[in-house]
Amino acid sequence: MIPPVNRRERKWRQVHDESYTAAIGLFVAHGYEPTTMDQIAERADVARATVFNHFSQKVGLLEEWGARRRARVSEILGQEHSEDLPVGDRLRRYLREMAELNIALRAETAVLMEASARFGRLLQDPSLETELTRIIDDGVRHDEVRPEVDPHHAGALLAAGYFSGIIRWIGAEPEPFDLPERLDRTLDIVLSGILKAQP
């Protein structure tokens with residue numbers, strides 16, 4: 001049983017969420033680089049020191065943005081019990097949900113993804129790679145993946161394909177291609193190399 005959240009923890013979470021929401025709104029409206037922690041504090045109606053207590057550096061907001069997106073997709077797939085699907089279908093559902101989230105919030109994605117590439121650790125952060133590797137590991141356990149395949153390498157390849165697709169997709173207006181279809185084609189290439197042949 002999960003212990004109840006006390007009043008202090010609720011207040012901490014409320015201030016954290018309000019600071020995060022204020023920051024994302026400012027980033028989208030004015031850009032990541034020009035936005036200051038003072039502006040975030042003013043928008044969130046808290047002291048500057050309070051924002052720094054929650055996010056010691058502005059780049060921490062970028063990291064939380066990515067983490068929240070991955071958590072949202074995992075929540076959606078958990079509700080669908082996608083863990084029962086074959087590995088290829090699970091990977092396709094994961095990437096499709098990520099694509100739909102980016103499409104729904106294109107302006108936010110454009111600003112925050114570019115900022116993550118320039119100021120954050122977008123291509124060094126292993127978080128997405130870890131999520132994809134975990135799914136491929138399940139495929140190994142269910143004997144769906146060729147034994148010589150390194151799940152970490154396959155996960156890294158898929159994550160790189162995802163980020164490359166997103167960066168190209170946000171680089172032009174209007175969208176230069178259908179994002180879900182592009183990610184599907186990338187996944188098809190990877191799956192052709194990792195899955196066992198069907199009898």
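In which helix is Ser116 found? Ser116 is part of helix α6 (residues 106-119); helices are DSSP runs (H or I, at least four residues) numbered from the N terminus.

This is a predicted model: local features need pLDDT of at least 70, side-chain atom pairs count only at pLDDT 80 or more, and totals for chains, interfaces and linings use all residues. Residues are numbered from 1 along each chain as its sequence is written, and side-chain values use heavy atoms, leaving out hydrogens and water.

**View 1. Ser116 is buried.** Its relative accessible area is 7%; buried means under 20%, exposed over 50%, partly exposed in between (1.4 Å probe, protein chains only). Neighbours within four places in sequence aside, Ser116 contacts Leu62, Trp65, Arg121 and Leu122. Contact means heavy atoms within 4.5 Å.

**View 2. Helix α9 (residues 179-194) has a buried side.** Its buried residues include Leu183, Leu187, Val190 and Leu191. The arc is that of the directions from the helix axis to the C-beta atoms. Why can such residues line up? An α-helix has 3.6 residues a turn, so residues three or four places apart point the same way. Exposed Ile189 and Ser192 sit on the face turned away from the buried side. Cover for the buried residues includes α5 (87-104), α7 (127-141) and α8 (151-169).

**View 3. Buried residues of α1 pack against other helices.** Among them are Tyr20, Ile24 and Phe27. Their partners are α2 (37-44), α3 (48-54), α4 (59-79) and α6. Just after α1, Gly31 takes a positive phi of about 100 degrees.

Terms used: Helix = DSSP H or I, 4+ residues; strand = E, 2+ residues; numbered from the N terminus.
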